Each structure stands twice: as C-alpha cells, then as structure tokens.
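Please have a look at it on the screen before I go on.

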Amino acid sequence: MEKRIVKTGIPGLDELLGGGFREGDLIGIEDSIGAGKTVFCIQFLYMGATEYGEKGLYIPLEERPDDVRQDMESFDWDIEKVERSGDLFIKVPINWRMIEEEKKIDEICLDIQGLVSKHKVKRVAVDSISALITGDNTARVRSFLYSLFTGLLEEGATTLVTIEKTDTTEPTVEMEAAMVRGLIALRTRRIDNRRTRTIEILKMRGIKHSMAEHLMKITNKGIVIYPGTIVGDTGNVLIEV
C-alpha cells in the first residue's frame, strides 16, 4: 500500500521532494551551526497544524520550551494560539536526562509515545539528539533512539530528528541508514564573501527528489527554499531557466 504524501508547507521544499514526505517516515535533519534546524522543525509542525489539520509535537532537548517560544516570536507565527488550541505541543520528556539508566529509557519513550497517541499527533520533531551525546554513552543513546523511533513509527507519526554536524561528531550516533528513511543537510556556506544558507536532500527513500544543493533563506515567514538555484561545489550559484 502506497503511503500518503505529507506536505511540509515549507516554501520550495515540497517541490524538491516531489510533493512532500511519506507519512510515518523518519527524516534526519543534519545541521551545521546556525543553518536553521530549529526553525525548520517548528515551521514543519506549525504549517501542519495551521494548514493541514495535523497536530504536532516539538521535543526540545537543547533549550527550554519558553526559550524556543521566545525565539519564534520573530516570525509571523502565532505559536501561543496554536498551543492553546491543542494543535501544537512543546514538551520536554520526563527524566530525559536519565537515559544513562536503562530502566529510564522505556519510561521516557513511553511518555513521548503516550503523548502522541493521546492527542493523535501526526508530526513530531526531536531537536536535537546532539544534546544526548557524551564521550562514552554512544550505546545508550542508540538504544534510546531505537526505542523512541520504533514507538513513533508504530503511531504513524512523520518524525524529524536533528543532529548538529561538526568535525568531531561521532559517526556511531550520526543518522544511520537503517534508522532514517530520509536525510536532509542544512548548511551555511561562504558565497560572494558572505555566509549563505543552503539545503540538500541527501536521501529520501521511495521519493524521486532533487539531487542538487539549493539556496535557502530565513525570512519573517520562516524558511524559504529556491528550487531554481543550484549551488556548485566551489560555491558558485547557477540559476535555472
């Protein structure tokens, strides 16, 4: 049975994806510092709630929920209204910092899965798993992620999970091919002597997608992607006619 296509609502992205994500898939968002992963996640959830009738859950593991809400005030979004209506939830899992304790992993995952099931949430964003990583807990983090994502897939939620890409990122906790159906890279590159944001779809199983790197901007309306642009390996920008 072919999966339903979930429109992201992010201008330009659905065109690159051939329509959107596949419902229930797990999508990795690989982000360099300042490239826009949090905005990407919130916009995906907000557009789902306001345009497509799909409730969303945002799980911030790096910032306090109130800080996230404050940061989003610079956009033309009424986050408070959507939260009040019960169409968007910004929640930190109970005891999530205790994943070192094996008995807590199931408790944390069941807390999240229960919230998704109770409120019929269709879109989830976990931002970011980098916050879970310390020097010697790789196996525990992977166990937690596997349990979490298995539960979310059982609920049929389309899920974004972000990781901040650095030169020292542990390969064992990067987005593994077996765990994610898709992988999108958000980058900042120096083009014409200034920092410019770009986006590239590295993998998206079951979807015919763009294979190029494209320009991306963050505006007062959120992220806007320009499908008609192609960024070359040397940073040159080509405009498709």
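In this model, which is a predicted one, the aromatic pairs come to a count of 3. Let me take Phe-21 and Phe-44 to begin with: their ring centres are 5.7 Å apart and their planes stand at 65 degrees, and because an angle over 60 degrees counts as edge-to-face, that is what we call this pair. Phe-21 belongs to strand E2, residues 21-22, while Phe-44 belongs to helix H2, residues 37-51, so the pair ties together parts that are 23 residues apart in sequence. Phe-21 and Phe-44 are both buried.

The pair of Tyr-46 and Trp-77 is a stacked one, with 5.6 Å from centre to centre and 25 degrees between the planes. Here Tyr-46 sits in helix H2, whereas Trp-77 is found in the loop between helix H3 and helix H4, 31 residues apart, and in this way the pair links distant parts of the chain. Tyr-46 is buried, as is Trp-77, and ring pairs join Tyr-46 and Trp-77 with Phe-75 in a cluster.

Coming back to Phe-44, we find the charged end of Arg-123 over its ring, 4.5 Å from the ring centre.

Now to the strands, where E8, residues 182-191, and E9, residues 194-204, run antiparallel and are joined by 10 bridges, with Gly-182 opposite Met-204 in E9. E8 and E9 form a hairpin with 2 residues between them, and in the turn Asp-192 has a positive phi of about 55 degrees. E9 also runs antiparallel to strand E10, residues 213-219, through 4 bridges, and there Arg-197 stands opposite Met-216 in E10.

How values were computed
Residues numbered from 1 in each chain as written. Predicted model: local features only at pLDDT ≥ 70, side-chain atom pairs only at ≥ 80, totals over all residues. Heavy atoms only, no water. Phe/Tyr/Trp six-rings, centres within 6.5 Å; stacked < 30°, edge-to-face > 60°. Buried < 20%, exposed > 50% of the residue type's maximum accessible area, 1.4 Å probe, protein only. Lys NZ or Arg CZ within 6 Å of the ring centre and 35° of its normal. Pairing = 2+ DSSP bridges.
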